[in-house]
Amino acid sequence: MADREKGGFWVGAAAALFYPLTYMSRRDYRGAERIPARGPALLVMNHVSHLDPAVDAVFVHQNRRVPRFLAKDSLTRVPIFGRILVGAGSIPVARGTSSAGDSLRAAHRALQEGKVIVIYPEGTITKDPEFWPKRSYPGVARLALENDVPVLPCARWGTQQVWNGYTKKFRPLPRKTVVHAVGEPVDLSAYRGLPQTPELLREVTDLLMGEVTTLLSEIRDEQPPAKTGGDA
């Protein structure tokens, strides 16, 4: 088994905070061995609950890697939680502002340094009433195309049953099962080296989130609707 990636004080603080949160549910990990033991990777995930960053961090950490999140900047302003998130190496994203490009550049550097980046292309928890992914932002396509690293789709399901961000219902009991399923790396060779037009970035973004949706469909044993969610 590979040695655990070292994270330092703030990663230890995050573990101390996040691991107890995951004990509220049972864990079912599928395909986790696809996360590389060392070196860079981009983990592309759906977003259904405000609990997701905590349980996703534990999922990656239990696979002996330290996750760096591209997280909505409002999360980094949450008392205690936000300080730990930033201290552990996560990258705040202020969408629609001049600093949004700085976030992508920081993510590029992290991948070049061999880190695991976790990204929620939807930008926030889905507004779809059945929790299918909504149309996503194309920043994930830029990261995937400009870095020759494994791009792994990953679906997670069950956190919304513990904490529903829209109804504000928190129901840890009876214990729910939270499933993480990691797919095979997405082959983007046909897109690399092409001009990054808006149309190309949209196509790659939809391809990546389509893989995530397929994994989510398998977990749920349900077919997604023809169009999932609203515009990003």
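Where is the place of Ser-25 in this structure? Ser-25 is in strand β1, residues 25-30; strands here are DSSP runs of E with at least two residues, and helices are runs of H or I with at least four, both numbered from the N terminus.

A quick word on the model, everyone. It is predicted, so local features need pLDDT of at least 70 and side-chain atom pairs count only at pLDDT 80 or more, while totals for chains, interfaces and linings use all residues. Residues are numbered from 1 along each chain as its sequence is written, and side-chain values use heavy atoms, with hydrogens and water left out.

Back to Ser-25. This residue is buried, at a relative accessible area of 6%; buried means under 20%, with a 1.4 Å probe and protein chains only. Beyond its neighbours within four places in sequence, Ser-25 is in contact with Arg-175, Lys-176 and Val-178, where contact means heavy atoms within 4.5 Å.

Now the sheet. It is open, has seven strands with mixed pairing, and runs β1-β9-β6-β2-β5-β3-β4. Pairing needs at least two DSSP bridges between two strands. β1 and β4 (91-93) stand at the edges with a single partner strand each, so one side of each has no neighbour in the sheet. β3, residues 67-72, pairs with β4 in the parallel sense over three bridges, and Ala-71 stands opposite Pro-92 in β4.

Finally, two helices. Which residues of α5 meet α7? They are Val-140, Ala-141, Arg-142, Ala-144 and Leu-145, and on the α7 side we find Leu-200, Leu-201, Val-204, Thr-205 and Leu-208.

Technical notes. Buried < 20%, exposed > 50% of the residue type's maximum accessible area, 1.4 Å probe, protein only.
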